[in-house]
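Open the model in your viewer and keep the sequence panel beside it.

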Amino acid sequence: SKAFVRHFAERFQLDVDTDTLGYSTRNESLGKLTLLLSRMLGPFTRWQTSNRLVLLPILPRWIPKAGLKALNKTPLSGPAVSNRQLFGDRLIHELEQRYASANQALLDELGLQLPLHEYHYPLPDE
C-alpha cells in the first residue's frame with residue numbers, strides 16, 4: 001500500500017516520490033489453460049537460461065510469451081491458478097511457517113498495523 005511505501009521510504013531516508021510509483025499488479029496469475037499451454041510449449045522454446053531442457057528449440061521465446069500473455073487476458077484462459085494449486089499444500093505450509101515470524105517482526109519494527117492476513121501473508125498463530 002502507499003502508506004507502507006511512504007513509511008518505509010521515510011524510515012530509511014529514501015528520496016522517493018511515493019505518489020508517482022506504480023501500484024498495479026505486475027506479476028499476474030496464470031489461468032489454468034495458459035499454464036497448461038505454457039508447460040506444453042516450454043520444451044520447444046529457445047530460452048536464454050542455464051540448466052534448461054529443450055527438446056526441440058523451434059520457437060523463439062517471444063512467440064509463446066506474447067501469445068500466452070494475450071490468452072491469459074481472455075476468459076478462455078480459465079480461472080487463475082492459486083499458489084496452493086501450483087506448488088501444493090506441503091510447500092505452501094513450509095513457506096508460511098518459515099516467513100510468519102519475519103512478517104510479524106517487520107510489522108513490529110516499522111510500527112505498522114496492516115491487515116496482512118487480507119493479502120494472504122502468513123503471521124504467527126495468535
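This is a predicted model: local features need pLDDT of at least 70, side-chain atom pairs count only at pLDDT 80 or more; totals for chains, interfaces and linings use all residues.

Start by selecting Thr 18 and displaying what surrounds it. Beyond the residues up to four places away in sequence, Thr 18 touches Val 5, Arg 6, Ala 9 and Tyr 23. Thr 18 itself sits in the loop that runs between helix 1 (2-11) and helix 2 (32-41).

Next, zoom out and colour the protein chain by secondary structure. There are 5 helices and 2 strands, and along the sequence they follow the pattern α-α-β-β-α-α-α. Now switch to a surface view. The protein chain has an accessible surface of about 10,200 Å², with 56% of it belonging to carbon and sulfur atoms. Of its 126 residues, 17% count as buried.

Now select residues 89-110, which form helix 5. How far apart are its end C-alpha atoms? They are 31 Å apart, which agrees with the 32 Å that 22 residues should span at 1.5 Å a residue. Centre the view on Tyr 99, where helix 5 bends by about 35°.

Keep helix 5 selected and show its buried side: Ile 92, Ala 100, Asn 103, Leu 107 and Leu 110. An α-helix has 3.6 residues a turn, so residues three or four places apart point the same way. With helix 1 and helix 4 (83-87) also displayed, you can see what the buried residues of helix 5 pack against.

Which residues does Ile 92 contact, leaving aside neighbours within four places in sequence? They are Asn 83, Arg 84 and Phe 87.

Finally, step just past the end of helix 5 to Gly 111. This residue takes a positive phi of about 65°.

Methods: Residues are numbered from 1 along each chain as its sequence is written. Side-chain values use heavy atoms; hydrogens and water are left out. Helices (H or I, at least four residues) and strands (E, at least two) are DSSP runs, numbered from the N terminus. Contact means heavy atoms within 4.5 Å. Buried means under 20% relative accessible area, exposed over 50%, partly exposed in between (1.4 Å probe, protein chains only). Accessible areas come from the Shrake-Rupley method with a 1.4 Å probe; for residues, only the protein chains shown count as cover. The expected span of a helix is 1.5 Å times one less than its number of residues. The bend at a residue is the angle between axes fitted to the seven residues ending there and the seven starting there.
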